[in-house]
Amino acid sequence: MKNDVLRIFLIELILIFFIFFNTFVFHLSYCFLVFILVLVVLYLYFFIGKKRLKFYHEKEVNTLMPILGIVYLILFYLLGLYFGFYHSVIKLSLKNIFVYVIPLIFICGITEVIRSFFISRKNKLLIIFGMISLILLDISIYHNTGIDYDLSGILNFVGYNVLTTISFHLLYYYICKNYGYKANILFKIIINVYPYIIPIIPNVYIFIRIFLKIVSCFIIYYLLDYLYAKREDRYHVETLTDKILWFLSLFLVIVFCMLISCKFKYCMLVIGSGSMTGTINKGDAIIFEKYENQKLEVGDIIVFQMKDKVTIHRIVKILDDGNEIKYVTKGDANIQEDDGYVKEDLIIGIEKIKIPYMGIPSVWLKECMG
């Protein structure tokens with residue numbers, strides 16, 4: 001038993017390192033990923049063996065999950081009627097079916113078989129590392145579709161890929177543990193393969209996509225728990241403390257998504273330079289109010305566009321010639337004032353709140369990526 005645990009743990013570590021290097025170095029095709037995952041499954045089957053587990057309500061959940069996946073897609077495309085659509089980058093063709101669609105279907109199935117191996121051993125450490133490896137695999141697949149390595153791109157990547165992927169994998173773990181892995185396969189195929197089959201995609205704001213994904217996980221979990229979980233196993237969801245924590249977490253995620261989307265009055269931005277050190281340090285995040293012709297004064301910290309990049313500096317002079325107002329800015333840690341003037345049409349917002357250290361991970365990631 002201990003040898004089996006060590007072997008599975010070793011497989012998990014190898015998977016984590018392989019996925020990491022594939023994401024940032026190799027960039028292997030989906031077909032090759034399928035080949036690697038098949039080798040992992042074969043090793044687990046022949047050298048460790050799979051424990052057969054009996055699940056209550058397995059057939060009911062296997063029927064319900066594809067329906068919920070279809071409902072999710074319908075809601076997503078209904079949003080497209082309001083926000084509009086864009087054409088999928090990958091056109092449906094026989095070649096793309098073999099390059100993308102079929103490998104993704106295999107990946108959806110194989111990863112759930114691997115998850116069932118990890119869960120069947122009932123070892124917390126194996127489950128945690130197994131979940132990390134599968135989360136990283138999903139993120140690497142999304143990553144291969146493209147990511148902008150500026151700060152806003154990293155924040156969107158963290159919000160849309162990392163947070164939503166973690167949410168879905170917590171749901172997959174719950175379903176696999178209580179109802180088996182087959183329901184996850186059907187659900188994953190529906191929600192992951194559609195961009196390669198349907199020619200149009202809803203052009204929905206990213207924060208709404210994040211909200212839809214996380215709330216969907218939340219609703220599906222409660223629905224399954226309400227319909228099929230035994231009452232004696234449900235006490236943990238019915239306590240007031242747990243409900244408050246769930247809704248508080250959901251609220252914080254929604255607020256974060258709204259801020260990084262910059263579609264509302266207030267936005268979030270990470271500081272990537274040291275020009276304001278002492279007031280706002282590198283790695284801090286700020287929340288700023290969008291500029292809508294508010295009155296500005298000397299000493300205000302503004303967010304503005306300068307030489308194709310977003311800058312956060314302080315107003316040190318205001319020049320008004322009667323026709324237009326120009327602002328002279330300077331970083332608190334800089335000796336000289338900024339070159340030129342900042343006109344009102346270049347101002348993005350006004351700094352309101354500083355959140356120390358919040359942006360350090362994204363700054364570190366951006367610097368690692370060059």
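# Salt bridges, patches and loops

Trainee: Lys-188 first. Buried or exposed?
Mentor: Lys-188 is buried, with a relative accessible area of 2%. Keep in mind that this is a predicted model.

Trainee: Which side chain does Lys-188 meet in a salt bridge?
Mentor: Glu-112. The N to O distance for Lys-188 and Glu-112 is 3.0 Å.

Trainee: Which parts does that pair tie together?
Mentor: Lys-188 sits in helix 7, residues 182-193, and Glu-112 in helix 4, so the pair links parts that are 76 residues apart in sequence.

Trainee: And Glu-112, buried or exposed?
Mentor: Buried. Its relative accessible area is 0%.

Trainee: How many salt bridges does the structure hold?
Mentor: Seven. Another one joins the side chains of Lys-352 and Glu-289, at 3.5 Å from N to O.

Trainee: Where do Lys-352 and Glu-289 lie?
Mentor: Lys-352 is in strand 9, residues 347-355. Glu-289 is in strand 4, residues 285-290.

Trainee: What relative accessibility does Lys-352 have?
Mentor: 45%, so Lys-352 counts as partly exposed. Glu-289 has 11%, so Glu-289 counts as buried.

Trainee: Which side chain does Lys-326 meet in a salt bridge?
Mentor: The side chain of Glu-324, with 3.9 Å from N to O. Glu-324 is partly exposed, at a relative accessible area of 32%.

Trainee: Now the surface. Which residues gather in the patch of negative charge?
Mentor: Asp-320, Asp-321, Glu-344 and Asp-345.

Trainee: Where does Asp-321 lie?
Mentor: In the loop between strand 6, residues 309-320, and strand 7, residues 325-330. Asp-321 is exposed, with a relative accessible area of 53%.

Trainee: And which residues make the nonpolar surface patch?
Mentor: Ile-67, Ile-70, Val-71, Ile-74, Leu-75, Leu-78, Leu-81, Phe-85 and Ile-200. The patch is about 800 Å².

Trainee: Which helix gives the most to it?
Mentor: Helix 3, residues 58-83. It gives seven residues to the nonpolar patch. Ile-74 is one of the patch residues, and its place is in helix 3.

Trainee: What is the relative accessible area of Ile-74?
Mentor: 47%. That makes Ile-74 partly exposed.

Trainee: Moving on to backbone angles. What is phi of His-57?
Mentor: Near 65 degrees, a positive value in a residue other than glycine. Most residues other than glycine have a negative phi.

Trainee: Where is the place of His-57?
Mentor: The loop between helix 2, residues 30-48, and helix 3. His-57 counts as partly exposed, at 33% relative accessibility.

Trainee: What about phi of Tyr-357?
Mentor: Near 70 degrees, again positive in a residue other than glycine. Tyr-357 is in the loop between strand 9 and helix 11, residues 360-368. At 61% relative accessibility, Tyr-357 counts as exposed.

Trainee: New topic, strand 1. How far apart are the C-alpha atoms of Tyr-86 and Pro-202?
Mentor: 6.4 Å, while the two residues are 116 apart along the chain. Tyr-86 is found in strand 1. Its relative accessibility is 33%, so Tyr-86 counts as partly exposed.

Trainee: Where is Ser-88 found?
Mentor: In the loop between strand 1, residues 85-87, and helix 4, residues 94-120. Ser-88 has 7% relative accessibility, so it counts as buried.

Trainee: Which backbone oxygen lies 2.9 Å from a polar atom of the Ser-88 side chain?
Mentor: That of Pro-195.

Trainee: And Ser-93, where is that found?
Mentor: Also in the loop between strand 1 and helix 4. Ser-93 counts as partly exposed, at 30% relative accessibility.

Trainee: What separates the C-alpha atoms of Ser-93 and Ile-197?
Mentor: 8.9 Å. Along the chain, Ser-93 and Ile-197 are 104 residues apart.

Methods
Residues numbered from 1 in each chain as written. Predicted model: local features only at pLDDT ≥ 70, side-chain atom pairs only at ≥ 80, totals over all residues. Heavy atoms only, no water. Patch = residues over 30% accessible without salt bridge, like charges linked within 9 Å, V, L, I, M, F, W, Y side chains within 5 Å. Areas by Shrake-Rupley, 256 points an atom, 1.4 Å probe, with all protein chains shown as cover. Salt bridge = Lys/Arg side-chain N within 4 Å of Asp/Glu carboxyl O. Lys, Arg positive; Asp, Glu negative; His and termini not counted. Charge placed at Lys NZ, Arg CZ, Asp CG, Glu CD. Helix = DSSP H or I, 4+ residues; strand = E, 2+ residues; numbered from the N terminus. Buried < 20%, exposed > 50% of the residue type's maximum accessible area, 1.4 Å probe, protein only. Polar contact = N/O pair within 3.5 Å; in protein donor to acceptor, adjacent residues only side chain to side chain.
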